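I open this notebook to record what I looked up in the structure. The entries follow the order of my reading.

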Amino acid sequence: MTMAVQKKICMLGGFSVGKTSLVKRYVESVFSETYLTTVGVKIDKKAVVLGDKTVNLILWDLAGEDDMSSLRLSYMRGAAGYMLVADGTRPATLEMALSLRKRVEAEYGQLPFALLINKKDLTEQWTVTDADLGKLRGDGWWVQSSSARTGEGVDDAFADLATRILG
Amino acid sequence: MDSPPPPASAPLPAQVLERLRTLLLADRAVAWLRMDEALLLAAAGGDLGAYGLDALEPGKPVVEQVHLLEGLLPLVESPYFVPSVEVIKGRVADLHFWLDGGETWLVLLEVTSERDMARRLQQKAYDMTLLQEREAALNRQLEAARRELEAAHEEVKRWNRTLEERVAAQVAELERMNKLKRFLAPSIAEMLMSSGDENILKRHRRDIATLFCDLRGFTAFSENAEPEEVSELLQDYHAALVPLIQAYEGTLDRFVGDGLMVFFNDPVPCPDSTERAVRLAVAMREAVAALAAAWRKRGHQVGFGIGIAQGFATLGQIGFEGRFDYSAIGTVVNTAARLCEQAKDGQILVTSRVATVVAEMAELADIGMLTVKGLSRPLAVSNVLGLKGGDQKVVWLGRQTH
Ligand SMILES: Nc1nc2c(ncn2[C@@H]2O[C@H](COP(=O)(O)OP(=O)(O)OP(=O)(O)O)[C@@H](O)[C@H]2O)c(=O)[nH]1
Ligand SMILES: [Mg+2]
């Protein structure tokens, strides 16, 4: 029996940016309007086929950050990569994602990661411009906008991150 | 310092330990795993099913079977604690790892209700924070909308101001045009108004034929008669003459009491201005003669005289602020006025220049030289007796201006 490749990926970001919703969309293909905040961590598994390989992604959906609580970086132990999530309608959550990256790198060094600016479907309240994204990309960020509600950009983001993790 | 030292931690009685064990484990799913040095599953037990771990196979790599262990083994520290992990839906456990000999132990101790309690608090706090964020964002939008509204309001005000100015300008224009209308045949006034050509109002010089006429004996009549009678007579008089002036497309310059002035060839060009003036004069004379006959029956002796001259005059808006009139000034106007003064009842006195122009179409009688007030030299003057042989040729004006 050959062991399937297995990789741990953590979902990080401010609270209520849509980390849980993105995982739910990716794993179960559903979306819910109701906000149920995450405490601690919730673990999910998703098998993704990349070329001739199947990879089991072990998704650690962490509790979101706010100004009070600070990330329990211990949840990151053993992660092969991480997904930073921000809410495109709340500029402060983008700042939060940028500072999270610094803190993770201070503790675990450079790991593959992606930045997802979520809730793209809320175009009227959207505050992130294409220029902002362009600037981040220019600074070497892998950044994409997404919507857990419509599913836009979700599968691609995970598949891309998994590909980069496998090197 | 005299107080007794804290009691040394004596071992707890078995009954207390048993009681604590019961309290700690009450309503909690507890499961455990033991792994050998190669991280193959050695043994497992407890409520594995609660965590979806009932199909474990000893002797096989544990990470393949318990995917939450991915990345965590081998342990880098012992004991190692991962709190509040939702392993499967609705089942939350604290993960306790430790090394014993070469073996790795893991205990899953359920904390679902603690997690739910913490979540209720966190949910309230986050919902509240989100509401505040939303409120702040809406306030910002509101403020922006308010500023936009203010700007729009200013814009509307500015528009209203320019609108007022434009309306005022248009009203002034209309007034000017209405004045013009009083002097002109309605058809010509309409044409000028619709062409919107303001240039006609500018001062200019032009060769015009000027006609003056008034009633003889009107002053005496108006002194003796009742005011109603005077205004009735004037009404009849105006009613008879104005349509004639319009019919011959003359420009009515002024109409004061019984005297009036008409000119031709301005603002509407007309090639036969002299002929028209003479024809109009003859028609006027006939019309007033019919009126005078009626008045005579009522005991009023009123006569009618006309003077016509031809020459250059200055035309356009003449006057001062607030009282502009389209008018003509010049020697030709004076001359026509003086000739009118000199004319006896039924006479149409014309200058020699007019006489020459209309010689073909009109019967003329030479009056001789007249000395006219305001002119240095006496004038050769003729009286128009009538038009020759039913001559009624009038070239009607085209719709054009100079
Ligand atoms: N319109 C829209 N709403 C979204 C989207 N993603 C998430 N939401 C909503 O945002 C709220 C928060 O979503 P979660 O997925 O619980 O956010 P989270 O990042 O897991 O939050 P924490 O666990 O508290 O950190 C929920 O009401 C979701 O329905 C999205 O793409 N579009
Ligand atoms: Mg969540």
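**Entry 1: the second largest pocket**

I began with the lining of the second largest pocket, to which β2 of chain A and α2 and β3 of chain B each supply at least two residues. The elements are DSSP runs numbered from the N terminus, helices being H or I of at least four residues and strands E of at least two. For a pocket I used a 1 Å grid over the protein atoms alone: it is an open set of points where a 1.4 Å probe fits, with protein on both sides within 12 Å along at least five of seven lines, and lining residues have an atom within 4 Å of a point.

I noted that β2(A) gives the largest share of this lining, four residues. In total 25 residues line the second largest pocket, and K45(A), E64(B), Q65(B), V66(B) and H67(B) lie nearest its centre. I recorded a volume of about 450 Å³ for the second largest pocket, a volume being the space filled by probe spheres set on the points, which are joined across faces, edges and corners. By class, its lining has twelve nonpolar, five polar and eight charged residues. Here Ala, Val, Leu, Ile, Met, Phe, Trp, Tyr, Cys and Pro count as nonpolar, Asp, Glu, Lys and Arg as charged, and the others, Gly among them, as polar.

**Entry 2: basis of the values**

This is a predicted model, in which local features need pLDDT of at least 70 and side-chain atom pairs count only at pLDDT 80 or more, while totals for chains, interfaces and linings use all residues. Residues are numbered from 1 along each chain as its sequence is written, chains are lettered from A and ligands numbered from 1 in the order in which they are written, and side-chain values use heavy atoms, with hydrogens and water left out.

**Entry 3: ligand 1**

Which residues are closest to ligand 1? I found K19(A), S21(A), E33(A), Y35(A) and T37(A) to be the closest of the 25 residues that surround ligand 1, a residue being near if one of its heavy atoms lies within 4 Å. The site is shared between chains, because residues from chains A and B surround ligand 1. Helix α1 of chain A, residues 19-28, gives the most to this shell, with three residues. The shell holds eight nonpolar, twelve polar and five charged residues.

I then looked up polar contacts (pairs of N or O atoms within 3.5 Å). Oxygen atoms of ligand 1 lie 2.7 Å from a polar backbone atom of S32(A) and 2.7 Å from a backbone N or O atom of E33(A). A side-chain N or O atom of N118(A) is 3.1 Å from a nitrogen atom of ligand 1. The protein covers 95% of the 650 Å² of accessible area that ligand 1 has on its own, by the Shrake-Rupley method with a 1.4 Å probe.

**Entry 4: backbone geometry**

Most residues other than glycine have a negative phi, and most peptide bonds are trans. I noted a positive phi near 65° at S16(A), which lies in the loop between β1 (5-13) and α1 of chain A. S16(A) counts as buried at 15% relative accessibility, the limit being under 20% relative accessible area (1.4 Å probe, protein chains only). S29(A), in the loop between α1 and β2 (41-50) of chain A, has a positive phi of about 55°.

In chain B, the peptide bond from S78(B) to P79(B) is cis, with omega near 0°. The bond from D266(B) to P267(B) is also cis, with omega near -5°.

Methods. A polar contact is a pair of N or O atoms within 3.5 Å; within protein, one must be able to donate a hydrogen and the other to accept it, and residues adjacent in sequence count only if both atoms are side-chain atoms. Buried means under 20% relative accessible area, exposed over 50%, partly exposed in between (1.4 Å probe, protein chains only).
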